[in-house]
Amino acid sequence: MDANNPNKNNRTTPQYALYQRENFWASNEGKVPPFNTDPGKLEELAKAKLTQNGWYYASSNAGQSYTHTANRQAFYRHRIIPRMLVDTNKRDTRAEIFGHKVSAPIGFAPIGINKIYHPEGELPVAKVAKELNLPYCLSTAGSQPIEKVAEANGEGTRFFQLYWPHDDELTVSLLKRAHDSGFSACILTVDTWQLGWRHDDVNTSNYAFYHGTGADLGLSDAVFQKRLKEEGIDPVKQPNEAGAKWIDNVWHGRAHSWERMPWLIQTWKDISGGKPFCIKGIQDVGDAKKAVEVGVDGIVVSNHAGRQVDGACASLDALERIVDAVGDKTYIMFDSGVRGASDVFKALALGAKFVFVGRLWVWGLSIMGEHGVRHVMKSLLADFDILLNVGGFQTVEQIDRSALESYPRGYTLLAEKSKL
């Protein structure tokens with residue numbers, strides 16, 4: 001891409017396509033690109049870098065990975081229809097989410113225990129998200145205190161993903177900490193009352209919280225510290241027991257129901273002064289309608305990337321149904337199975353207003369820490385910017401179902417299931 005392309009005069013966001021030029025030019029300056037961002041190559045590199053347990057936790061899916069496979073197949077049945085001779089010199093990747101103007105309709109999905117992938121955990125991820133002006137979502141299962149993540153994210157746009165404790169005092173404490181630390185939306189995950197059955201993790205006793213790693217967000221909470229004291233657990237001398245106590249407070253088999261939702265929504269609204277409340281993990285149209293009825297500000301259509309219910313429907317297929325049912329009544333977001341710019345495009349075309357990505361930046365974090373996250377996400381932004389250019393789209397708002405050629409659902413099991 002020509003650095004003097006007139007597009008630079010017509011946009012509010014950086015010309016991300018120039019990252020392609022930067023990598024093409026690198027060898028002229030005795031440099032090489034950091035690593036290959038093809039999803040398959042990313043996965044191979046991450047596997048080589050991580051410990052066995054780190055790799056298993058990052059890559060494992062529920063059961064036989066059928067839901068994960070369905071996610072990827074669903075993207076394949078939709079094909080983009082390029083449009084030619086459009087003045088894409090007047091092009092911008094800008095987007096808006098809950099009043100925040102961001103660089104693209106792409107965010108960092110909430111993923112827990114980032115210290116498995118890098119010693120600094122969530123901190124370098126939050127830092128890069130701010131640098132790229134993309135929303136960052138912190139998981140309740142995060143392995144750094146809420147306040148430290150906020151500091152790393154600075155003036156960035158950030159949301160707090162809640163795993164809902166059955167201890168109301170602890171719930172209120174977590175929400176207050178999030179609000180006080182500048183997290184401007186609460187996103188409740190509802191598909192993880194306990195972990196799905198993941199064969200490799202179970203076979204290797206691979207659960208970091210039970211082995212003294214990853215509970216920093218909880219251990220730094222005053223209410224949870226009180227609970228540890230009441231139980232006689234010393235987190236320094238008994239890190240395994242402390243970690244287990246923490247994570248057993250926020251999932252592990254005790255489900256919440258719709259009847260309790262008004263309390264949680266109102267609690268967050270009171271604490272935050274009315275900031276957005278969303279639900280993540282919706283796949284059923286009936287559930288989407290109930291979410292609207294209880295007053296959510298947004299829904300993340302997600303099947304946890306195939307990590308929770310094996311043999312479930314593809315999240316992209318659920319997106320179509322949910323958009324048709326409630327797309328004009330609430331803000332629809334999407335995640336699960338996204339591996340590149342074309343996947344982001346397809347989710348937007350099917351009605352999502354925003355798309356979150358997870359495993360891509362986890363692989364980058366595993367391979368090269370902060371630099372790896374930056375390289376992966378800048379590459380994704382460049383891919384998306386270039387896709388708009390060569391596909392004939394000037395803005396995100398122009399992407400709709402007319403941009404897709406879609407084939408009937410008729411999936412067959414792949415002979416060898418890809419982890420991608």
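The axes of H15 (residues 341-349) and H16 (residues 359-391) cross at roughly 60 degrees and come within 8 Å. The crossing is right-handed. Contact (heavy atoms within 4.5 Å) involves Ala-341, Ser-342, Val-344, Phe-345 and Leu-348 of H15. From H16 come Leu-380, Asp-383, Phe-384, Leu-387 and Leu-388. By class, eight are nonpolar, one is polar and one is charged.

This is a predicted model: local features need pLDDT of at least 70, side-chain atom pairs count only at pLDDT 80 or more, and totals for chains, interfaces and linings use all residues. Residues are numbered from 1 along each chain as its sequence is written, and side-chain values use heavy atoms, with hydrogens and water left out.

Two pockets follow. On a 1 Å grid over the protein atoms alone, a pocket is an open set of points where a 1.4 Å probe fits, with protein on both sides within 12 Å along at least five of seven lines; lining residues have an atom within 4 Å of a point.

| Largest | about 470 Å³ | 20 residues |

H16 supplies the largest share of the largest pocket's lining, eight residues. Closest to the centre of this pocket are Thr-37, Asp-38, Ser-379, Leu-380 and Asp-383.

Terms used
Axes fitted to C-alpha atoms, helices over the stretch in contact; angles between N-to-C directions. Helix = DSSP H or I, 4+ residues; strand = E, 2+ residues; numbered from the N terminus. Left-handed = near helix turned anticlockwise from the far one by under 90°. Nonpolar A, V, L, I, M, F, W, Y, C, P; charged D, E, K, R; others polar. Points joined across faces, edges and corners; volume = space filled by probe spheres on them.
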